[in-house]
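Here's a quick tour of the charged side-chain pairs in this one. Have the viewer open and follow along.

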Amino acid sequence: MNTDPIADYLTRIRNASSAGKKVVEIPGSNVKRAMTKILFEKGYITNFAFQEDDKQGTIKIALKYNPSTKTPAITSLQRISKPGLRKYTNSTELPRVINGLGIAIISTSKGIITDKEARNLKVGGEVLCYVY
């Protein structure tokens with residue numbers, strides 16, 4: 001049993017990209033699916049697929065690399081809100097990751113969205129992670 005599935009998700013992506021893997025498989029959940037969709041929309045991963053093979057399913061993520069230098073598109077994944085210490089913020093104090101170059105993934109009442117979308121919708125929530 002995993003006590004922090006989001007940290008496990010981020011660690012699997014971080015380890016696969018640092019090892020130069022093209023595809024990583026991760027056990028699925030609704031939160032992880034929403035985070036994967038955000039990473040794809042913002043251009044941090046090449047592609048993804050949800051497979052419903054068992055009760056929870058799996059997520060296959062194709063990682064993105066710079067073709068000339070072979071460096072990963074994701075340079076850093078940071079878990080912010082942890083099970084032992086949750087980090088919440090309101091709409092006026094949402095974090096800006098590297099002055100807007102990165103994204104913060106926020107769990108709000110409107111679903112799992114980026115910090116920019118949360119600012120536009122004027123909602124706060126739990127800061128899950130930073131990606132840049």
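## A pair within one helix

Arg119 and Asp115 sit 4 residues apart in helix H3 (residues 115-121), so about one helical turn separates them. Their side chains meet in a salt bridge, at 3.7 Å from N to O. Keep in mind that you're looking at a predicted model.

The two partners see the surroundings rather differently. Asp115 is buried, its relative accessible area being 6%, while Arg119 comes out as partly exposed at 26%.

Another one of them joins Glu25 to Lys60, with 3.5 Å between the closest N and O atoms. Glu25 belongs to strand E1 (residues 23-27) and Lys60 to strand E3 (residues 58-63), so this contact ties together parts that lie 35 residues apart in sequence.

How accessible is Glu25? Its relative accessible area is 45%, which makes it partly exposed. Lys60 also counts as partly exposed, with 29% relative accessibility.

## A buried pair

Now go to Asp4, which forms a salt bridge with Arg79; here the closest N and O atoms are 3.0 Å apart.

Conventions:
Residues numbered from 1 in each chain as written. Predicted model: local features only at pLDDT ≥ 70, side-chain atom pairs only at ≥ 80, totals over all residues. Heavy atoms only, no water. Salt bridge = Lys/Arg side-chain N within 4 Å of Asp/Glu carboxyl O. Helix = DSSP H or I, 4+ residues; strand = E, 2+ residues; numbered from the N terminus. Buried < 20%, exposed > 50% of the residue type's maximum accessible area, 1.4 Å probe, protein only.
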